[in-house]
Amino acid sequence: MRRQMIRVCGLLLSGCMLCSCSILPTEEEFDAAPVVREYEGNDYNKYTLVRGDMVQKETITVTYQGTNRLETTGEGTGYRIKKVAVKKGQKVEVGDVLVQNYLAEQERTIKSSERQIESLELQIRQAKQMREQELKKLDKLGGSKKQKDNIRSQYDSQIKNCQSSLKLARLDLQSAKEEIQENNVTSDIDGTVTKVDHSFDGGYATEDDVLVVVQGKKRNRFRAKTPYASQFKKGQEVIITVGGQQYRAKAEKSWEKNLIYFYPGSELSLKNGASGILELILKEKKDVLYLPASLVYDMGGKKVVYVEDENGVKTIREVTVGEQIDNLVEITDGLQENEQVITN
């Protein structure tokens, strides 16, 4: 009897050891999805599966270009105006100087450099003439080679010093002229000068004082600089919103990278430079069931969501997904419209 009891105890102990070790098979473990547990009541959120359109859009800013007109004012810069550099009726191109500003320091540098350059060029010419005269004189007197070399060395050193100073003076002159050029007011458009006010020559003007007006071409178009320019097709119709008003226009590609124009079907009365927006649809799928992608989990190579069964238990439901657009994913099987998915 005692032996039988010992044998039974041994079998029970062996069974317990087998259950506690990894030799016995266990359920498949999934790390990607939250732990399934039972909930009591409704202390968690749910998302209702809906049918609709999944759309990925990009908002693009456009600028209206009507009659191309450039109005140059004093701009309140504080610069003294040297002169208005154009005349009424004159044709100008992009980059032509309209107004020359007076920069006192740079003007002084230009005058000083020009005088210095003139003086140094004269000294170089004179030194070269003196060198030739001295060498000719030695030839007549029968001077030695050493004496001639000394004359050359003396004047060559003087000429070299003058040339070094001349190079620096020319650099100063160039730098001052470039600074003045950079501060001149130039035209941004091709066109005809329709207004000029020379009364400010030598004086100062404010941002309210109009100095020059250039009238360019009449355009009547919207302009957009965007990396999505290549997404538009020639002739594609778009709707542009400006100040709450909508306008239909057709796309026209430009030779310049990332630049595209949109031409309305009729003349618009918008102010030149008015800003608007249009929405470009990059990807779209209509009339589909969809969920936020964050509610669909990967589990053992399958896609699953959490739903609540009739007993109030949070359970896993396998689903089949289609295309994902932005943060939405299409549900093609496993759920019905208006079913609720647990979100937390």
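This is a predicted model: local features need pLDDT of at least 70, side-chain atom pairs count only at pLDDT 80 or more; totals for chains, interfaces and linings use all residues.
**Figure legends: overall view and close-ups**

Figure 1. Residues are numbered from 1 along each chain as its sequence is written, and side-chain values use heavy atoms, with hydrogens and water left out. Of the 344 residues, 32% are buried, where buried means under 20% relative accessible area, exposed over 50%, and partly exposed in between (1.4 Å probe, protein chains only). Among contacts (heavy atoms within 4.5 Å) between residues at least 6 apart in sequence, 73% join residues at least 24 apart.

**Figure 2. Helix α3 and its buried residues.** Helix α3 (145–183) has 39 residues and reaches 57 Å from its first C-alpha to its last, close to the 57 Å expected at 1.5 Å a residue. The expected span is 1.5 Å times one less than the number of residues in a helix. The buried residues of α3 include Ile151, Tyr155, Ile159, Cys162 and Leu166. An α-helix has 3.6 residues a turn, so residues three or four places apart point the same way. The cover over the buried residues of α3 includes β5 (97–102) and α2 (104–141).

Figure 3. With a relative accessible area of 10%, asparagine 184 is buried. Its side chain reaches the backbone nitrogen of asparagine 101 at 3.3 Å, a polar contact being a pair of N or O atoms within 3.5 Å; within protein, one must be able to donate a hydrogen and the other to accept it, and residues adjacent in sequence count only if both atoms are side-chain atoms. Not counting residues up to four places away in sequence, asparagine 184 touches Val97, Val99, Gln100 and Asn101. Two strands pair if DSSP finds at least two bridges between them; β5 and β6 are joined by two bridges, and valine 97 has threonine 186 in β6 as its bridge partner.

**Figure 4. Strands β9, β10 and β11.** Strand β9 (residues 237–242) runs antiparallel to strand β10 (residues 245–253), joined by six bridges, and glutamate 237 stands opposite lysine 250 in β10. Their hairpin has two residues between the strands, and glycine 243 takes a positive phi near 55 degrees there. β10 also pairs in the antiparallel sense with strand β11 (residues 259–264) over five bridges, where alanine 249 stands opposite proline 264. In this hairpin, with five residues between the strands, asparagine 258 takes a positive phi near 65 degrees.

**Figure 5. Threonine 241 in strand β9.** Threonine 241 is partly exposed, at 26% relative accessibility. Leaving aside neighbours within four places in sequence, threonine 241 is in contact with Gln246, Gly276 and Ile277. The C-alpha atoms of threonine 241 and threonine 61 are separated by 9.7 Å, and these residues are 180 residues apart along the chain.

How values were computed
Helices (H or I, at least four residues) and strands (E, at least two) are DSSP runs, numbered from the N terminus.
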